[in-house]
Amino acid sequence: MNALLKHRLTWPVLALVLLLLLNQVFRADFLSVRLQDGHLYGSLIDILRNGAPTILIALGMTLVIASRGIDLSVGAVAAIAGAVSCTYIYTSPDPSSLQTAAVAVALAVVAGLVLGLWNGFLVSVVGIQPIIATLVLMTAGRGLAQLVTDGQIISVSNDSYQSIGAGFVLGLPISILIAAAAFLAAGLLTRRTALGTLIEAVGINPVASRLAGLNARTITMAVYVFSGLCAAVAGLMISSNVTAADANNAGLYIEMDAILAVVIGGTSLAGGRYSLVGTLIGALIIQTLTTTVYTLGIPPEVTLVFKALVVIIVCLLQSSRARTLLKQRRRPVTATSDVKVAI
Amino acid sequence: MSVVTRTPAPLNRTRISLLEGKARYAPTLATVGLFLAMFAAGAVMYPGFLSGQVFLNLLVDNTFLIVLAVGMTFVILTGGIDLSVGSVVALSMMIAAALLQAGWNPVAVIALVLLTGATFGLLMGLVIQVFEIQPFIVTLAGLFLARGLCYVISVDSITVTDPFFTAMAQARIPLGGRMFISPGVVIALLVVALAFYVLHQTRFGRTVYAIGGGESSALLMGLAVPRTKVLVYGISGLCSAVAGVLFSFYSLSGYSLAATGLELDAIAAVVVGGTLLTGGYGYVLGSLAGVLILGIVQTFISYEGTLSSWWTRIVIGALLLAFILLQKLFSRKVTVT
Amino acid sequence: MNEIVPVVDLRGISIEFPGVKALDGVDLRLFQGEVHALMGENGAGKSTLIKALTGVYAIDSGTITVLGEQHRFAGPAEAQDARISTVYQEVNLCPNLSIEENILLGREPHRRGGIHWKEVRRRARAVLEQLNLGHLDPGSVLSSHSIAIQQLVAIARSVQVDAKVLILDEPTSSLDTEEVQQLFAVIRSLRDNGVAILFVSHFLEQVYEISDRMTVLRNGRLVGEFMTRELPRMSLISKMMGKELDALTELDRSDVRARPDRTDAVPLLLAEKLGRKGSVGNVDIALYEGQILGLAGLLGSGRTETARLLFGADRADQGQLTIRGTAQTLRSPRSAIDHGIAFSSENRKEEGLIGDLSVRDNLVLAMQASQGWLRRIPAPQQDQLTEKFIAALDIRPANKDALIRNLSGGNQQKVLLARWLITNPKLLILDEPTRGIDIGAKTQIQKLISTLAADGMSIIFISAELEEVLRLSDHIAVLKDRRMVADLPNDGVTMEDVMTIIAGSAA
């Protein structure tokens with residue numbers, strides 16, 4: 001029991017369950033999932049489907065944060081990916097064929113990889129702090145997306161493309177399957193190879209990692225490229241879901257949601273040990289929170305207030321924990337002499 | 001959440017090798033030079049560009065950004081960052097519009113808005129300082145919170161019809177030769193002057209620089225480091241509120257989605273203005289020049305009919321990157337063990 | 001020096017940390033117009049004593065008397081109010097501000113409407129001139145000056161508050177000879193103006209050059225107070241190390257091993273005049289397969305710096321390095337590792353452990369790094385390797401999933417050793433592998449080193465304990481004041497031999 005209380009996923013899971021139960025109280029059919037025309041429907045499915053882009057981006061963000069970094073550009077990258085694919089479909093001679101959709105997806109993915117490589121280059125080769133390096137793409141990215149779409153909202157009608165965000169396979173929304181596949185892929189990629197451990201090693205102690213012979217540059221590159229890829233796929237989902245590319249609003253504030261999901265999931269912003277399962281739960285909490293606000297009849301935009309409060313509370317919890325740990329040691333008055341602390 | 005580590009002054013000192021002596025003005029001078037070059041280029045390329053009013057319009061159209069950049073300069077000089085400013089601008093506009101609509105006295109409205117902004121910033125500063133949480137995550141939460149509070153006030157746009165605000169929006173201060181500025185320009189320039197005075201003539205201002213140079217050293221020198229760190233976020237919040245009022249004078253409305261991404265413009269203006277993101281180096285006048293450069297980019301794009309508005313974002317991003325790389329070059333590490 | 005009343009009189013100072021008596025009844029007297037050196041090996045209690053005097057640590061017993069008045073400092077500010085100033089090795093000033101601001105920051109003169117900059121300049125200039133630093137431009141940015149000047153500015157700041165006692169903690173460790181002289185000139189002028197100066201340094205020659213009197217500590221206890229000119233270097237060293245010279249010569253040499261150089265073979269590693277500016281210089285090493293080279297020297301003499309150069313952790317900018325007959329430049333630890341070199345740092349916590357990872361993850365880290373991230377060492381192999389070394393090195397708890405930060409120091413050290421042993425290095429550099437670990441683990445590690453060398457591995461062994469170095473090494477390289485000054489084949493080298501070299505005037 002004690003071990004269960006101490007497990008770092010206990011509280012996030014508890015929070016998720018409480019949120020779901022709260023919804024159930026207000027809407028009796030909340031937890032029910034029904035089969036209709038061979039498709040699964042229900043609030044739970046909606047949460048998963050709407051949360052899919054956040055889950056994807058949060059997966060990439062988890063690895064970036066584990067390596068002591070941060071990627072603020074994911075929203076912009078998602079917008080660019082959507083813009084690239086929709087513009088390609090819109091301008092192609094055969095805008096409704098499967099082949100066109102496939103090329104569009106490939107282009108978007110390549111765009112995501114290139115942008116991730118760019119971030120990784122700025123951080124690991126040029127040596128700019130991650131917040132600042134990704135801020136550049138965050139600033140310019142939406143401009144680039146608008147450049148691609150020529151400032152228009154590009155609507156496309158391509159059934160294959162639309163199915164990414166809105167289609168069903170085996171009764172389940174495709175976006176959920178993609179998110180699940182990405183989750184498994186990230187898990188396998190980091191835990192079947194040594195990447196996960198090496199990312200954690202760099203995130204926990206970069207100096208010792210270097211002395212043990214790790215090539216931090218490759219690892220840093222890898223996490224930002226992965227983050228770019230995740231953001232691109234999320235961008236595809238978002239644009240496919242509305243069958244349009246909106247350079248200004250696609251993925252707006254999604255970087256905040258992703259960071260929030262990672263933090264709720266128990267991964268420290270200081271880097272080091274990470275939990276993909278935790279991030280998944282974190283993302284689901286955020287999506288459920290959004291749904292809850294909706295269920296309670298509060299204007300959906302106000303969700304931002306709740307998210308802000310959650311961030312602050314989670315941060316304070318983690319911070320005060322650190323403080324109690326510090327207090328247990330005998331601490332000298334201050335580190336060195338000559339101090340007059342005033343507040 | 002990471003605890004800000006109070007490292008003792010590092011053994012490997014970073015020497016700002018190219019910022020030595022008088023050369024410390026170099027980045028700011030580069031900014032001013034760049035501005036003049038762009039203005040000259042504009043004069044050559046477009047008829048009618050070379051006029052006092054084109055220059056003055058850079059000020060008139062960017063009053064709120066100037067004030068924001070001033071607040072951001074304080075924060076960045078200490079080595080922090082404030083991502084919440086855009087949202088606080090929007091919140092200030094919403095509060096102002098809603099209260100004016102409810103028939104409040106405009107002076108009371110402005111006072112309340114300024115008080116709210118300053119309090120908001122101070123609270124963020126307190127969280128950053130007391131709980132030792134990274135500034136970017138706290139101000140990110142601030143961004144969410146302020147934006148969300150806008151929606152709490154109203155999801156729709158509120159028009160401002162208050163006579164004082166409309167008068168301020170329409171007022172023009174003639175400067176002779178058919179040139180004019182708006183009252184907002186006067187306010188913005190006053191803010192710049194006041195910030196310059198505070199940064200260079202008061203112990204508080206010097207403490208801001210000292211913290212950016214080395215927080216633990218500043219502590220050992222007996223400076224009021226914690227108080228100063230909280231106050232800079234208060235100043236940034238206050239500046240955001242002033243910018244919100246100026247933006248209201250400019251747009252005569254309150255809208256929840258207003259000023260999105262403005263924090264990025266403010267950061268870009270400060271960085272382009274020659275302030276080091278790691279803190280300690282930079283001038284508020286540089287930030288003013290940074291805003292003017294962002295403004296002239298916009299003017300260029302509007303003069304060049306074929307370029308679309310999104311080029312502004314791309315160029316700002318490119319400028320931001322260029323200046324970050326310049327800073328990187330300036331502050332090449334000289335390792336002395 | 002007449003026996004006048006001391007400016008500072010510490011009596012019977014004791015400070016106890018949980019489990020450790022850091023200071024045990026230590027006395028220290030500082031006199032006006034005197035430079036007093038505080039001497040002792042690493043862990044002798046020097047820095048604890050300084051922190052007691054500057055109010056950073058509260059004392060458990062004893063008395064602190066400053067200028068005839070008894071104090072009980074509750075914090076550094078109070079010590080400063082008693083006019084005790086401290087200048088640290090890492091300059092605690094703001095590099096981005098001007099010299100004058102750094103001198104007066106926090107007590108700038110004001111006039112109506114703000115800081116009185118003219119007066120700031122006037123006062124700064126006055127202090128600088130007082131220290132013979134009139135040539136410095138008070139308006140220039142601090143970072144544009146060398147560390148030496150920055151240190152002098154820090155001293156100027158303390159002079160500006162009219163300090164009666166100035167503590168200089170390792171002020172010279174990053175200065176070159178000329179800069180040291182500049183600093184000493186300032187110290188002498190302050191001394192002549194009646195300031196009592198406490199000088200802490202690892203550089204013996206400097207201590208003899210500048211100090212009038214010294215207090216020697218060992219293991220938290222007072223060894224004694226001596227007039228510098230009456231204490232020969234040899235006796236100082238033996239007092240610091242706690243060995244009388246007679247006892248030193250009687251070291252048990254039964255298991256001393258000295259393998260002859262195999263001059264026929266190509267040396268595994270050949271360093272010629274290797275060095276790095278501001279770090280260490282003149283490193284000449286020829287190391288053959290299966291040999292153990294011990295690095296001897298006082299703390300701060302450049303032992304760790306030498307190891308870092310040979311491992312590529314710092315890049316050498318002088319001299320030449322040849323590995324198995326081919327000239328090499330080591331750009332990073334990675335390239336050294338590719339040449340079969342391994343390095344276990346003395347700073348376990350910051351440069352060795354990945355604290356939040358398990359024993360197993362830590363143990364296979366270097367091997368994994370060599371294989372690249374794609375080719376993960378299969379879990380069964382990881383387990384098998386870990387279990388093997390847990391058994392072989394007697395690592396406790398014998399739990400491969402335990403977080404390494406929860407292990408004791410000795411066991412952490414064994415894991416770090418194992419990290420390198422599984423990579424099968426040709427050359428293993430061990431910096432203080434036995435420090436801070438219990439005696440049992442220590443013996444185990446010493447035995448392991450002998451066995452490894454017997455199996456053909458070359459080892460560079462660094463330890464502050466000279467006996468250990470003498471007992472294990474085939475060759476002993478002696479470092480002093482950041483230069484290598486001797487290379488002795490261990491054909492019966494005694495501690496006295498080594499200490500004579502360390503004590504001798506600069507080679």
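1. Start with chain C, where 12 residues of domain 1 are in contact with 11 residues of domain 2; two residues are in contact if their C-beta atoms, placed from the backbone, lie within 7 Å. Helix H6 (residues 177–192) of chain C gives the most to the domain 1 side, with 7 residues. Helices here are DSSP runs (H or I, at least four residues), numbered from the N terminus. That side of domain 1 of chain C has 8 nonpolar, 3 polar and 1 charged residues. Ala, Val, Leu, Ile, Met, Phe, Trp, Tyr, Cys and Pro count as nonpolar, Asp, Glu, Lys and Arg as charged, and the others, Gly among them, as polar.

2. A word on the model: it is predicted, so local features need pLDDT of at least 70 and side-chain atom pairs pLDDT 80 or more, while totals for chains, interfaces and linings use all residues. Residues are numbered from 1 along each chain as its sequence is written, with chains lettered from A and ligands numbered from 1 in the order in which they are written.

3. Now look at chains A and B. Their contact takes 42 residues from chain A and 44 residues from chain B. On the chain A side, the elements giving two or more residues are helix H6 (130–149) and helix H14 (303–327). H6(A) gives the most, with 12 residues. By class, this side of chain A has 28 nonpolar, 9 polar and 5 charged residues.
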